[in-house]
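Visitor: Could you show me how to read the pockets in a model like this?
Guide: Gladly; let's look together.

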Amino acid sequence: MGAGLLSDLAYQAAWRHDHTTAASILTHALTRAQHPAARALLHLRLARTLAAQQERRPALRALTAAEKHLSDASTDRPAWCAWMSEADLAVDSGQALLDLGDTGRAHQLIAEGESLLPPARDKTRGVFLTYRAASYLSLNDPEPAAAAATESLILARRIGAPRCANLVRDLLPRFQPYRDAQGVPELLQLAAA
């Protein structure tokens with residue numbers, strides 16, 4: 001349970017772009033966590049924060065460890081990480097690779113992860129869609145970015161997921177240079193409504 005609390009603290013630090021603190025917390029949590037699912041989640045979050053800092057080799061090692069631990073995990077998991085799945089591994093690995101500049105493989109993993117999500121995890125699907133939108137914006141490809149962001153925003157509003165809607169709103173300034181691209185005016189109008 002302590003590792004779960006530390007994982008959440010690290011997650012919050014990463015959301016605030018304090019990756020040094022996040023990495024320190026996750027490294028400490030990994031010294032205590034024993035369950036493979038817990039270790040998988042901690043390594044995956046560590047990979048994300050290391051990738052955000054452009055620490056390529058350590059991030060790739062953490063991704064490899066996350067994959068190994070998840071494959072070793074049984075279905076009997078601690079409650080705080082019971083939701084951890086192949087879908088989460090794929091999308092978060094894709095996001096880490098995107099941060100490291102490996103866009104081709106990143107898009108493949110993000111799409112794979114989205115397809116693995118059950119309908120019961122629509123909130124997660126909305127977050128994953130914002131990741132996809134951001135990845136396309138990084139490639140200067142606004143049309144699929146707008147489609148993913150629009151889908152995420154509609155989903156967020158339908159299920160009442162304000163955090164997901166905020167993630168889309170955070171992307172809106174990056175759409176400004178593409179105001180005339182297909183789907184972008186509709187996205188901006190939807191976001192303003």
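Guide: The second largest pocket has a volume of about 240 Å³, a volume being the space filled by probe spheres set on grid points joined across faces, edges and corners. This is a predicted model, where local features need pLDDT of at least 70, side-chain atom pairs count only at pLDDT 80 or more, and totals for chains, interfaces and linings use all residues. Residues are numbered from 1 along each chain as its sequence is written, and side-chain values use heavy atoms, leaving out hydrogens and water.

Visitor: Which residues lie nearest the centre of the second largest pocket?
Guide: A pocket is an open set of points on a 1 Å grid over the protein atoms alone, where a 1.4 Å probe fits, with protein on both sides within 12 Å along at least five of seven lines; lining residues have an atom within 4 Å of a point. Here 13 residues line the pocket, and Glu-67, Leu-89, Ser-93, Arg-105 and Leu-109 lie nearest its centre.

Visitor: Which helix gives the most to that lining?
Guide: Helices are DSSP runs (H or I, at least four residues) numbered from the N terminus. Helix 5 gives the most to the lining of the second largest pocket, five residues.

Visitor: And the largest pocket: what space lies in it?
Guide: About 1000 Å³. Of its 33 lining residues, Tyr-11, Trp-15, Arg-48, Tyr-131 and Leu-167 are the closest to the centre.

Visitor: Where does Arg-48 lie?
Guide: A charge sits over a ring if NZ of Lys or CZ of Arg is within 6 Å of the ring centre and within 35 degrees of the ring normal. Arg-48 lies over the face of Tyr-131, 5.0 Å from the ring centre.

Technical notes
Helices (H or I, at least four residues) and strands (E, at least two) are DSSP runs, numbered from the N terminus.
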